[in-house]
Amino acid sequence: MTTVRRAVLTLPAAPLGPDNPLPALRAPAGAGAHAVDAPTLAALPRDMARGIGRAPLRSLLPAPVRDGYGRERTPTDLDAIVIENDRLRATVLPGLGGRIHSLHHKPTGRELLYRNPVFQPAAFALNGAWFSGGIEWNIGATGHSTLSCSPLHAAVVRAPDGGPMLRLWEWERLRDLPFQVDLWLPDGSDFLYVGVRIRNPHERTAPVYWWSNTAVPEDRRILAPADAAWHHGYERGLRRLPVPVTEDGTDRSYPLNGTHAADWFYDLPEGQRRWIAALDRDGTGLVQTSTDPLRGRKLFLWGTGRGGRRWQEWLTEPGTPGYAEIQAGLARTQLEHLELAGGAEFSWLEAYGPLAADPATVLGEDWAAARADAERSLADALPRAAVDAAYTAWREDAADAEPREVLAVGSGWGALEVLRGRYELPGTPFPESTLGPEQEPWRELLHTGVLPPPAPGAAPGAPLVSAPWRDMLETAPADPSTEYHLGIAQWHAGDRAQAVRSWERGLKEAGVRWPLLYCLAVADREDGHPDRAAERFTEAFTDHAGGGRTHGVRAAALGREAVEALLAAGRPGQARALWGRLPERAVRTGAFRLLEARLLLAEGGKDEARSVFDTGFEVADLREGAEILGEVWARLTDEPLPYAYEFRMRPS
């Protein structure tokens, strides 16, 4: 009998800490790592180029940046949900994006995934905090989901076969869409079934992105039914290359044959069954397959270079085995987005389980024979027709089934959107009981037409930016808080000039000025006015700080922005004066130690800046693809960059 039960998973974990209190007005900091240069884009197939250019994010709004974590780990109890039958045991973390932490095959005693022995956030999600390992669900835009480290709603639901099924669901805020992930284990099945549905309850067409990412040990051979793949590296190119052996004679089906981090998006022929597998030297391992709508398959590898090895250590424990990722998505590449019409949905079924094939064949040099043998083994273990039938049964009999037992609660944002739009979403309830303090001002705006101001001296609350909320803000009585939120919504819509006008109007009457000054400073920086941006960032910090030394997360965030802006404007003297007022706890962190080295360099103190590096620091929120450590080091010395600071993910 299949069971679904609560459990506790204890891991060495770094706390997530508080979210960044400043509105995320800028595009994701790591967006450049996934970019494609203009000449490459012009040479791509037309539909691929359209998908890559479709609805790029102008900001992270309304999601917050999550950068409050550190790197000190202590044993921590994490809420888990276990789905189990007599063959498989899946451990799910509902509070961390619904991640499948472990998939254990009982008959062989094998762990089918790369299971991270620690929980260590790092800046890989679109909005910051992300962690490696297991199976994750990525929705929204190119990159790891903003929900990577956020709680999802979770409940027991009736599965298509009448047994228990785990449903995870939330409202994804970047694209303003609800989604659900249903996981179940039929009795006696070696495969975990995963039904996924993304709905567009709006009248407008919405851009959609989805990739299911599975971490596997990197000492595997990756098999997929393709003879070519689109290669994307951190050099921003996108080329179609033969696989597995590329032009330089390297077999790219082995992750450890790559030197630098790279994506390989397999070009599966039309009509081909969708699958990807990671097999060890015995010809055994994990296979993932799906119904046809989940078109794309990908291998991500870290590579054997110093940067890739350092990132692997950064995300887990030094001395532990490395991992690669096998992934599946709605488009051919992760750089593309699809269109979902108003009132429509995307839905599909995935299956994850063990695969055993002839090692002499699947590890042999004959790629066609290796693929064919793996596909025969998959057909024996789980026929394609069985996957299609399971999808039909799930979609017709279970996808709309109402939850029977709530196991975890996500955010209240979905409840607010359902309240506003009066949407009917069978199977994924967003009850008003989940509304919390962040949603309360917006509920009042919805009911009364007035956005209540924050308490005297308090900062404005979390923003909302979609067109219906923007319309309500435009007709609400104007006060500084309403102008602040209206400007944010206008900024998100691309009307930057009007946003600036709203913020300037609000500033005239504001008692708490720093939120509006911060927004205006970002606008100045984005518009190419570094001097004015530096002045406004400094004024925002001063307005918040008052006199003397500051304390707290907000002061640290504003101070970091101000110092960086002053350095960009060539004002190290003012930056040094402000530095003396930053929170003492903040300046001891790695991010501020790096900023101090940059300040010392600007002051001409090369030896003192070098001393900062020699003493050692760790920038906990270092972004994927960031090269700032190497750039600062190169200004200090011609010596090779020390391994501790080596995070470069492309050839030098």
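For the lining I will describe, Ala, Val, Leu, Ile, Met, Phe, Trp, Tyr, Cys and Pro count as nonpolar, Asp, Glu, Lys and Arg as charged, and the others, Gly among them, as polar. With that rule, the residues lining the largest cavity split into 6 nonpolar, 7 polar and 4 charged. Please keep in mind that what you see above is a predicted model.

Let me stay with the cavities. The count is 9 cavities of 30 Å³ or more. The largest cavity holds about 160 Å³ of space. It has 17 lining residues, and those closest to its centre are His34, His144, Lys298, Gln334 and Glu624. Which elements give two or more residues to this lining? They are strand E21, residues 296–301, and strand E22, residues 323–329.

Next, the second largest cavity. Its space comes to about 50 Å³. The residues around it are Arg110, Glu111, Leu112, Val216, Pro217, Arg220, Ala278, Gly285 and Leu286. Three strands each supply at least two residues of that lining: E5 (110–111), E14 (210–217) and E20 (284–290). By class, the lining of the second largest cavity has 5 nonpolar, 1 polar and 3 charged residues.

Now to a pocket. The second largest pocket has a volume of about 750 Å³. Its lining is made of 34 residues, and Asp19, Pro64, Arg173, Glu438 and Ala462 are the ones nearest its centre. Strand E10, residues 164–172, and helix H12, residues 514–526, each supply at least two lining residues of this pocket. Which element gives the most? That is E10, with 3 residues. By class, the lining of the second largest pocket has 20 nonpolar, 7 polar and 7 charged residues.

You will find Glu84 in strand E2, which covers residues 74–84. Is Glu84 buried or exposed? Glu84 counts as buried because its relative accessibility is 14%, and the cut-off for buried is under 20%. What does the side chain of Glu84 meet in polar contacts? One partner is the side chain of Arg89, at 3.4 Å. Another is the side chain of Lys106, at 2.7 Å. Setting aside residues up to four places away in sequence, Glu84 touches Met1, Thr2, Thr3, Arg5, Arg89, Lys106 and Leu185.

Leu16 sits in a loop, between strand E1 (3–13) and helix H1 (38–43). Beyond the residues up to four places away in sequence, Leu16 touches Arg66, Gly68, Tyr69, Leu96, Phe119, Pro121, Ala129 and Cys149. How far apart are Leu16 and Gln120 in sequence and in space? In sequence they are 104 residues apart, and from C-alpha to C-alpha they are 8.8 Å apart.

On to the aromatic residues. The structure holds 26 aromatic pairs. I will show one of them, Phe124 and Trp311, which is edge-to-face, with 4.8 Å centre to centre and 85 degrees between the planes. The label edge-to-face applies because the angle of 85 degrees is over 60. This pair links distant parts of the chain: Phe124 belongs to strand E6 (residues 122–125), Trp311 belongs to helix H3 (residues 306–315), and 187 residues separate them. Phe124 counts as buried because its relative accessibility is 5%. Trp311 is buried as well, with a relative accessible area of 0%. Both Phe124 and Trp311 are members of one aromatic cluster, along with Tyr114, Trp130, Phe300, Trp302, Trp314, Tyr323 and Phe647.

My last stop is Val632, in helix H19, residues 628–636. Val632 counts as buried because its relative accessible area is 3%. Which residues does Val632 contact, leaving aside neighbours within four places in sequence? They are Leu594, Arg598, Leu601 and Phe613.

Key
Residues are numbered from 1 along each chain as its sequence is written. This is a predicted model: local features need pLDDT of at least 70, side-chain atom pairs count only at pLDDT 80 or more; totals for chains, interfaces and linings use all residues. Side-chain values use heavy atoms; hydrogens and water are left out. On a 1 Å grid over the protein atoms alone, a cavity is a set of points where a 1.4 Å probe fits but cannot get out, and a pocket is an open set with protein on both sides within 12 Å along at least five of seven lines; lining residues have an atom within 4 Å of a point. Grid points are joined across faces, edges and corners, and a volume is the space filled by probe spheres set on the points. Helices (H or I, at least four residues) and strands (E, at least two) are DSSP runs, numbered from the N terminus. Buried means under 20% relative accessible area, exposed over 50%, partly exposed in between (1.4 Å probe, protein chains only). A polar contact is a pair of N or O atoms within 3.5 Å; within protein, one must be able to donate a hydrogen and the other to accept it, and residues adjacent in sequence count only if both atoms are side-chain atoms. Contact means heavy atoms within 4.5 Å. Rings of Phe, Tyr and Trp (its six-membered ring) pair if their centres lie within 6.5 Å; planes under 30 degrees apart count as stacked, over 60 as edge-to-face and the rest as tilted.
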